[in-house]
Amino acid sequence: MGGTFVIRGARVYRHEGDTEMPQIGDVLVRDGVIAAVLDDVGDENAEVIDLAGQLLMPGYINGHYHSHDVLAKGLFEVMPLERWGIVAGAIGNNRSLEEVRLRTLVGAIECARNGITTIQDFANLAKFDPDYIDAMVDAYESVGVRVILSTTVRDKSQLETILWADEMVPEAQHEIIGTGAGDGLAQVAFVGEQIDRIGDRGGRVIWGISPSAPQRCSFELLEKVAHFARERTVPVYTHVYETRLQRLFARERLAAYGGSAVGFMEAAGLVGPHVTIAHGVWPNDEEIKRLSDSGTGVVLNMLSNLRLRSGVAPLTAYRRAGVALSLGCDNCSCSDF
């Protein structure tokens, strides 16, 4: 909605004010920007939108979300994460450009209808195609929500990053689950090309980069991502310690870094206020302190953790340590969001 208008009569939520019963106020909007929040804007000779009896509050931010499986809502919500990861990753692959556009559009509309105005899309691409990025950016723009778009990069296959997956899955199905390692450095370069090509669309697109998870990336790739983030001044989003099995993976495969995924990331230069980890259900006390000391954030995804039997994040420990926390909806295929 463009031009100048006044939203009148609603209770306007102010975090520093009365959060139980916010005061009634007027909000003046000029050219799509909130210009003033007052008890009475007065006569602005502008269109008036009457929201008497309603609560007016800032839009929510969906801090962790994947658009690639929107069309598979609730399909795998009874599986534990490792089994879900074996089957769910493949459903977003090899899709048409129109399906990529439609699934992004459907998810964005659902977010907007629930008060979410900014979406952090941790974007899993079947192939690194600029047309896919255009379809996603255009879909978000058409709905009118802001997107923090961070393309997933990784250079290890799905089979080698889930403990015992090669034993659980029949060999004939290994290729479906994912045996390809991928060229992580080329993927990072692709992200840079899209940032240069598309820009920020007037502030509606915020770019980031997403190493899929420490166990899915080589140390060299994590170092490259850390350098890219500093050079481009973009945020980093990744998955860490979603399940106890990932805790065990770190102990067995990351022994050189104290058996710690956080230590692995820290050694690669991938911690700090610009880094946010999703889930963080199974860190130990030392790792929580490392996150706090470095200013690394954690985005909590309670519903998907519940559906996939991943556990409950140590909220009290995080808050006591002063770790910055946010909320996300995660995948649609493992929840009823």
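Keep in mind that the model is predicted.

Let's start with the sulfurs. You'll find 0 disulfides in the structure. Take Cys 329: the nearest cysteine sulfur belongs to Cys 111 and sits 5.9 Å away. A disulfide needs two cysteine sulfurs within 2.5 Å, so Cys 329 is in none. Cys 334 is also without a disulfide, and there the nearest cysteine sulfur is that of Cys 332, 8.3 Å away.

Next, head over to strand S11, which runs over residues 275–279 and includes Thr 276. With a relative accessibility of 17%, Thr 276 counts as buried. What does Thr 276 touch, once neighbours within four places in sequence are set aside? Its contacts are Val 236, Tyr 237 and Thr 238, plus Gly 297, Val 298 and Val 299. Pro 235 is 41 residues away from Thr 276 along the chain, yet their C-alpha atoms are separated by 7.8 Å.

The other threonine to look at is Thr 118, in strand S7, which covers residues 116–123. Thr 118 has 6% relative accessibility and therefore counts as buried. Ignoring residues up to four places away in sequence, Thr 118 touches Tyr 60, Ile 61 and Asn 62, along with Arg 146 and Ile 148.

Note on methods
Residues are numbered from 1 along each chain as its sequence is written. This is a predicted model: local features need pLDDT of at least 70, side-chain atom pairs count only at pLDDT 80 or more; totals for chains, interfaces and linings use all residues. Side-chain values use heavy atoms; hydrogens and water are left out. Helices (H or I, at least four residues) and strands (E, at least two) are DSSP runs, numbered from the N terminus. Buried means under 20% relative accessible area, exposed over 50%, partly exposed in between (1.4 Å probe, protein chains only). Contact means heavy atoms within 4.5 Å.
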